[in-house]
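Please read them beside the model.

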Amino acid sequence: ALASMLALAACGGGGEQTSGEADGQATDGGVVKADIGVVSYLSGSGAAYGEAITSGLELALEEINAKGEVEINLIIEDSAGKQDQALTAAQKLMNSENVTALIGPTLSTEMNVVGPEADLNGVPTIGTSTTAEGIPQIGEYIFRNSLPEALAIPASIDKAIEKYDAKKVAILYGNDDVFTKSGFDTMKAAAEEKGLEILTIETFQKGQSDYNAQLTKIKGLNPDLILASALYNEGAVIMDQARKMGIDVPFVGGNGFNSPEVIEIAGDAADGLIVATPWYAEKDDPKVQEFVSKFEEKYGKKPDQFAAQAYDALYIYAEALKNAGSNDRDAFRDALAEVKITGILGDFAFDAEGDVIMTPTVLVIEDGAFKVFE
Ligand code: VAL
């Protein structure tokens with residue numbers, strides 16, 4: 001194995017490798033070089049997710065390339081939050097044999113179409129924000145480092161029960177999106193398991209602007225808590241309209257709500273929102289604080305958890321490239337499955353399915369800011 005590795009290095013890659021290893025691209029004096037394709041939600045109503053993600057990636061890229069152990073080139077494509085655009089972008093990237101692996105897409109809905117295609121083509125792919133059930137289970141080439149709803153939502157509900165002695169809940173969810181539906185399934189199962197009475201289940205669609213009918217019904221039933229599964233744009237509008245109608249009970253939201261955009265859009269109406277997070281900027285950890293100050297210096301604002309997860313994801317990729325010693329897709333996939341790093345999200349390793357186990361922290365919005373819910 002060593003001899004063939006040396007032979008490979010000597011001829012500058014190529015050999016019988018067919019995927020992702022163009023001539024002269026593999027190694028350069030022991031430095032593995034790789035093109036990584038990124039599919040990100042960069043335009044449209046959820047563009048703040050993609051902006052945070054690509055900012056996190058680009059900061060990590062500068063640091064990683066400066067160390068000189070590997071050399072990564074990111075090729076970033078916009079998916080606009082749409083399945084077809086995400087798939088077209090991913091196909092374009094996968095068709096380039098120089099592309100070793102993909103990062104993204106942003107939404108679980110998008111990953112649901114990109115993941116099977118990437119898996120079929122043997123292109124390793126990591127979701128940094130895809131939190132619906134079943135994402136890494138799409139196939140052996142599909143991974144994620146984002147806290148699944150299945151871990152986040154029960155933690156938030158537990159905290160809400162403990163704090164507010166909640167007994168009766170209303171559920172509101174988007175029924176046209178893989179993530180918002182999956183979040184709903186988790187909310188319903190968790191509410192049932194914890195013995196909460198579900199007063200009503202209401203639905204909405206992406207881009208909806210008027211939630212009067214659903215909220216009037218919910219108000220009339222007088223819940224202790226509203227469980228909402230939404231992306232930030234719809235989620236913030238829902239909270240704003242609820243508060244205007246005089247609904248002042250707390251909301252428990254999934255990962256879509258874990259964005260500063262909720263506060264940006266809803267203002268005071270976002271107070272009382274509870275979310276579980278894998279990461280928050282105030283954490284008393286030197287690694288976290290170093291990242292926060294570098295990020296603030298570069299972008300003039302604080303990173304959110306989408307930026308943080310993306311930042312760690314590129315470090316996970318860099319470690320896999322280094323360990324693979326090659327930018328071949330299969331070698332990279334095998335090294336990726338075994339990666340262990342200590343990132344800004346803490347100690348990281350994939351489980352056998354390419355999923356992640358993390359302990360979430362529960363946050364609540366108070367006076368217009370996310371705070372740890374003590
Ligand atoms: N976590 C969500 C998803 O999986 C969004 C918020 C990125 O679609």
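1. The ligand takes up the space of the largest cavity. This is a predicted model. The volume of the largest cavity is about 90 Å³.

2. Which residues line the largest cavity? The lining consists of Tyr49, Thr106, Leu107, Ser108, Ser129, Thr130, Thr131, Phe179, Leu231, Asn255, Gly256 and Phe306. By class, five of the lining residues are nonpolar, seven are polar and none is charged.

3. Ser108 places a polar side-chain atom 2.4 Å from a ligand oxygen atom. For Asn255, a polar side-chain atom lies 2.6 Å from a nitrogen atom of the ligand. In Thr131, a side-chain N or O atom is 2.8 Å from a ligand nitrogen atom. The protein covers 100% of the 260 Å² of accessible area that the ligand has on its own.

4. Where does the ligand lie relative to the domains? Domain 1 (2–146 + 284–343) and domain 2 (149–277 + 361–372) both contribute residues to the shell around the ligand, so the ligand lies between them. The lining of the largest cavity takes at least three residues from each of these two domains.

5. The structure has three cavities of 30 Å³ or more.

Key: Residues numbered from 1 in each chain as written. Predicted model: local features only at pLDDT ≥ 70, side-chain atom pairs only at ≥ 80, totals over all residues. Heavy atoms only, no water. Polar contact = N/O pair within 3.5 Å; in protein donor to acceptor, adjacent residues only side chain to side chain. Areas by Shrake-Rupley, 256 points an atom, 1.4 Å probe, with all protein chains shown as cover. 1 Å grid on protein atoms, 1.4 Å probe; cavity = no way out; pocket = protein on both sides within 12 Å on 5 of 7 lines; lining within 4 Å. Sits in = over half its atoms within 2 Å of the grid points. Domains from an automatic or database assignment. Points joined across faces, edges and corners; volume = space filled by probe spheres on them. Nonpolar A, V, L, I, M, F, W, Y, C, P; charged D, E, K, R; others polar.
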